[in-house]
Amino acid sequence: MNAFATEMSAEPASVAEAVPREELLRVDNVSLSFGGVKAITDISFDILKGEIRAIIGPNGAGKTSMLNVINGFYHPQQGTITWQGKERRKMKPYEAASQGIARTFQNVALFKGMTTLDNIMSGRSLKMHRNFFWQLIWRGPAEREEIEHRKKVEEIIDFLEIQAIRKTPVGRLPYGLQKRVELGRALAMEPDLLLLDEPMAGMNLEEKEDMSRFIIDVNQEFGTTIALIEHDMGVVMDLSDRVVVLDYGKKIADGPPEDVQANQNVIDAYLGVSH
Amino acid sequence: MFYREAGQFKTSYKADQALMPILQDRVGLLVILAIAFVVIPVFANDFFLTSIMIPFLVFSLAAIGLNVLTGFCGQLSLGTGAFMGVGAYAAYKLTTIFPDANVIVMVLLSGVFSAAIGAIFGLPSLRIKGLYLAVTTLAAQFFLEWCFIRIGWLYNYNASGAIEIPHREAFGLVVSGAEATPIVRYFIVLCITAGIAFLMANVLRGRIGRSWMMIRDMDIAAELMGIRPLQTKLLAFAVSSYICGVAGAMMVFFWLNAAEPSSYSIALSFQILFMVILGGLGSLGGAFMGAAFIWILPVFLKFIPGTIGIDVAAETVEHVTFMIVGALIIFFLIVEPHGFARLWQIAKQKLRVWPFPY
């Protein structure tokens, strides 16, 4: 029993040492300002393939702005972003999606008028190609394509255990389930990098436990790299491999959870000191 | 009890995502189609066909067109009347330039012209939304109406300034012009409307329909999921304007016989918009229900005083009809802001559990 436990805990570390993880995304000296307001100042960090990377910080620290920079919604005035080894040019948000970046939102941003099934199917939009005229006819290619993608979507529905609400309009679902559907929608895109903006916000303990389990499963079963913003420190410290801490748009710490926890700057930022 | 799906199991995704997965719905649709294609042609008189059924179907098609844009893609438009006008004038020009061509093909082709114009006036939709977009489509309405009046080439420099539909034959029948019989016109309008409605039902349940609804419900999330906002919105404008254009062409070819620019004025835009809102935004069935309410109800109301033997002046009947319809619109919007389509859904739910309350 004891030996088994040590073996289990030792294994991931040895794997990590044996194969240095490849860099998926790298942010170098990025600064972003809106008029006179500096949202992000000179931040650099990287996200390695297959890890869970947390971005934390007090309110207004620039965490969501950072995610928006990563998926191309904001364009930083300075700095470069390297995606899968190539420096990324300025681009439109929909291009980020086709490069394999998916995200969920802090305030649930589901398509309210559509059912759970349609919401998750919408995540497959980029992978469906039948044009307008096939869609008009429906019978044949368009229908076959729809069924093929429906199978993938049903796998996600099974994985998230939301079979019962498949045909329910999402506007009628409770908040916790909406968050889960949103995760499903992002998963349907089969992303390389999944950005989660406060996946546990407003959830009770049980829902948080469920969501944590889904995040770990996504990471381990599908091998998806995850960057998440979260305020629940217990969750962050348990889930993430590495943590980057922002405060007032600056990076104040970066490293494994236990190092970050012990960092004096981080303690000051969260508890507050007289500046 | 009457509408219970119990026992209807789906064993394939194909069956599950059919347009009407429930047997009762399929039977209902067949009954409606049987009435439209068999019962009405056999029993209806010319007045019923010309004054009720043909305009009802034309307006239903226009409402479907606007519903694609406003109900499914969330882009408010007040230019429907003008886009219908483009279809009408394009079909008129086409049939006078090519007198030997099949006029039904010309009507279907005319929608292409209004689709192009609709897409051009849809360009601002990338930058502006909601009521502001409605104002730019209002510009389309006034500009195109001005074109219909000022550009003589469009109405072949006719002295009256109106377009008069020439005599045309197709499949050995007179299909347009004053000699065309109501029954022929009715069948043409019915086939085109039902056909386009079916094709749109296909588009709306697939990838493209979903991309429109994504833009409608949360445009930022849609964009971050790889939907290109400009292409998607312009496609919605083009498809919507195509349908409206065909409806506009049918309106003059198979119903009115002649049209002047004022036939396609802002009043028509509003009439179609009310049909869509009252019927239910984002519902094809709602478009038919809205058109029925706005067009058929006043016609019936006008006949009530005569049939029960009250002698009232025609103008009074007209005014009272306006008041009653107006009051009913307000009443229905208070009862169910999501329109008849939602009322029908609620009714189905009640039928399902009847005689129990839930």
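Two strands count as paired if DSSP finds at least two bridges between them. By that criterion, strand S9 (residues 242-247) and strand S10 of chain A are paired, running antiparallel over five bridges. The model is a predicted one.

**The six-stranded sheet of chain A**

- Six strands of chain A form an open sheet with mixed pairing, in the order S6-S7-S8-S3-S9-S10.
- The edges are held by strand S6 (101-104) and strand S10 (250-255) of chain A; each has a single partner strand, so one side of each lacks a neighbour in the sheet.
- On average, and with direction ignored, neighbouring strands of this sheet are turned by 15° against each other.

- Strand S7(A) is mostly covered, with five of its five residues buried.
- Both faces of S7(A) are covered: one side carries the buried residues Leu193(A), Leu195(A) and Asp197(A), and the other carries Leu194(A) and Leu196(A), also buried.
- Helix H2 (residues 63-70) of chain A lies across strand S3 (52-56), S6, strand S7 (193-197), strand S8 (225-229) and S9 of chain A.
- The direction of H2(A) is at about 155° to S7(A).

**The four-stranded sheet of chain A**

- Chain A has an open sheet of four strands in the order S2-S1-S4-S5, with antiparallel pairing.
- Strand S2 (37-48) and strand S5 (86-87) of chain A are the edge strands; each has a single partner strand, so one side of each is without a neighbour in the sheet.
- Strand S1 (residues 23-34) and strand S4 (residues 78-83) of chain A run antiparallel and are joined by five bridges.
- Within S4(A), Trp83(A) is the residue opposite Leu25(A).
- Helix H2(A) lies across S1 and S2 of chain A as well, running at about 65° to S2(A).

**Contact between chains A and B**

- Chain A contributes 32 residues to the contact, and chain B contributes 25 residues.
- On the side of chain A that touches chain B, the elements giving two or more residues are helix H3 (93-99), helix H4 (116-122), helix H5 (132-137) and helix H6 (141-160) of chain A.
- H6(A) supplies the largest share of that side, five residues.
- By class, the side of chain A that touches chain B has 18 nonpolar, seven polar and seven charged residues.

**Overall fold of chain B**

- Chain B has 14 helices and four strands.
- Its radius of gyration is 21 Å, close to the 21 Å that the globule rule gives for 358 residues, so chain B is as compact as a globular protein of that length.
- The C-alpha trace of chain B spans about 65 × 60 × 45 Å along its principal axes.
- Of the 358 residues of chain B, 43% count as buried.
- Among contacts in chain B between residues at least 6 apart in sequence, 76% join residues at least 24 apart.

**The largest nonpolar core**

- In soluble globular proteins, nonpolar side chains tend to be buried together.
- The largest nonpolar core here has 167 residues, and those with the most contacts inside it are Val58(B), Ala88(B), Val246(B) and Met250(B).
- Helix H10 (residues 229-256) of chain B gives the largest share of this core, 17 residues.
- Beyond its neighbours within four places in sequence, Val58(B) is in contact with Val189(B), Ala247(B), Met250(B), Met251(B) and Trp255(B).

- Thr70(B) belongs to helix H3 (residues 46-72) of chain B.
- Thr70(B) has 25 other C-beta atoms within 10 Å and is therefore buried, the cut-off being 20 or more.
- Leaving aside neighbours within four places in sequence, Thr70(B) is in contact with Gln75(B), Leu76(B), Ser77(B), Val276(B) and Leu281(B).
- Thr70(B) and Leu273(B) are 203 residues apart in sequence, yet 8.9 Å apart in space, C-alpha to C-alpha.

Notes:
Residues are numbered from 1 along each chain as its sequence is written. Chains are lettered from A and ligands numbered from 1 in the order in which they are written. This is a predicted model: local features need pLDDT of at least 70, side-chain atom pairs count only at pLDDT 80 or more; totals for chains, interfaces and linings use all residues. Two residues are in contact if their C-beta atoms, placed from the backbone, lie within 7 Å. Ala, Val, Leu, Ile, Met, Phe, Trp, Tyr, Cys and Pro count as nonpolar, Asp, Glu, Lys and Arg as charged, and the others, Gly among them, as polar. Axes are lines fitted to C-alpha atoms, for helices over the stretch in contact, and angles run from 0 to 180 degrees between N-to-C directions. A nonpolar core is a set of buried Ala, Val, Leu, Ile, Met, Phe, Trp, Tyr and Cys residues joined through C-beta atoms within 7 Å. A residue is buried if 20 or more other C-beta atoms lie within 10 Å of its own, exposed if 12 or fewer, and partly exposed in between; C-beta atoms are placed from the backbone. The radius of gyration is taken over C-alpha atoms; the globule rule is 2.2 Å times the number of residues to the power 0.38.
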